[in-house]
Amino acid sequence: MAFLADSLARIKPSATIAVTNKARELKAAGRDVIGLGAGEPDFDTPENIKEAAIAAIREGKTKYTAVDGIPELKAAISAKFKRENNLTYAPNQITVGTGGKQVLYNALMATLNPGDEVIIPAPYWVSYPEIVALGGGTPVEIVGPQSSGFKIGPEALEAAITPKTKWLILNSPSNPSGAGYTRTELRALADVLLKYPQVWIMTDDMYEHLVFDGFEFSTIAEVEPKLYDRTLTVNGVSKAYAMTGWRIGYAGGPVELIKAIGTIQSQSTSNPSSISQWAAVEALNGPQDYIPKNAEIFKKRRDLVVSMLNQANGIVCPNPEGAFYVFPSCAGTLGKTTAGGKLLKTDEDFVTALLEEEGVAVVQGSAFGLAPYFRISYATSTEALEEACTRIQRFCGNLR
Ligand SMILES: Cc1ncc(COP(=O)(O)O)c(C=O)c1O
């Protein structure tokens, strides 16, 4: 339609939201559907955080705030970066947005010029290439293959860098693969980045606290302090504190960039919800003991899902370091026909037939830039996961 902006033609709506909606529709129509598409913890927001929000309302903390966050939240974020990441960010180096997504969006809008390239390791979170394209930049995808745990190495990174490269986006643990980069692996990437001072690093550490089996989370500005001046360290409360609906994300970075992010935000949403900001202060300053407890629950679910999927014909499921996703290969099912008579040619065929025939909603790997795979979010009850994996086993067992 001529009325719509040209930029809209460059992007597509989120595949993960599309699957969630389709599952919701089928459920509303009375179908027995297990949704494993959504990327949010099934846990409730902890009581102390809810109480802080209720107190904020009662105390009248319901007005506009500084666009990029109240001083109390910036102080809590600064303390968090020091305590957990050994990174020093002063309040004027911190910005708070309506979710980590808005912070990433603003950072790209504030920096991209037409033709600027952004290196995005695949499989990637669906929004990165779309936001880059919306901002007029060029996403440059490099594959982290299954054989290297879905991670990129220094050679692949160096080969992708051109004089037009503006950003590298890192996301560890990763959505969708759950892959986590070790300190040594980040060190190797940092050594390449030190040679190319024009490249900035946007590190999305949203799943920092969801790591298993003693995996130690690291973030690149801490691994290589020489990159601190060109790194934006993005994080948020959505995943660690089960606060997806509250919409608070934040970042630490160089003053000039942080200011530019605030400028973009000042002309769109202004401040994130004042009530949510007070809730986030409590999340970051309050007790942290449920974080490892939740991670332990996620680990048990991961173990269950990985084990059950590896018993399904034609599925190979690697064991990821973190987040709450697994990213199994369905290569062994392609070329076969389902019980319902559908020939599976792609991972999209696989997930469509799985939803129609067994009522299990997952997302095709191609949406995350790597096929033939699919993503399962195991942030749901153990019973639902057992039932879903049993159905996947039956679906695969019936392939001919
Ligand atoms: C890798 C990654 N980054 C960022 C986000 C956005 O999180 P928020 O809820 O803070 O906007 C998500 C949410 O799914 C994510 O998976």
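A crossing of two helices is right-handed if the near helix is turned clockwise from the far one by less than a right angle, and left-handed if anticlockwise. The structure is a predicted model in which local features need pLDDT of at least 70, side-chain atom pairs count only at pLDDT 80 or more, and totals for chains, interfaces and linings use all residues. Residues are numbered from 1 along each chain as its sequence is written, and side-chain values use heavy atoms, without hydrogens and water.

**Exercise 1.** Describe the crossing of H4 and H5.

*Solution.* Step 1: helices are DSSP runs of H or I with at least four residues, and strands are runs of E with at least two. Step 2: the axes, lines fitted to C-alpha atoms over the stretch in contact, of H4 (residues 100-111) and H5 (residues 127-134) come within 9 Å and cross at roughly 35°, on a scale from 0 to 180 degrees between N-to-C directions. Step 3: this crossing is right-handed. Step 4: the contact (heavy atoms within 4.5 Å) involves residues including Leu-104 and Leu-108 of H4 and Ile-131 and Val-132 of H5.

**Exercise 2.** Characterise the chain as a whole.

*Solution.* Step 1: the chain holds 13 helices and twelve strands. Step 2: its radius of gyration, taken over C-alpha atoms, is 21 Å, close to the 21 Å given by the globule rule for 400 residues, so the chain is as compact as a globular protein of that length; the rule is 2.2 Å times the number of residues to the power 0.38. Step 3: the C-alpha trace spans about 60 × 55 × 55 Å along its principal axes. Step 4: of contacts between residues at least 6 apart in sequence, 75% join residues at least 24 apart.
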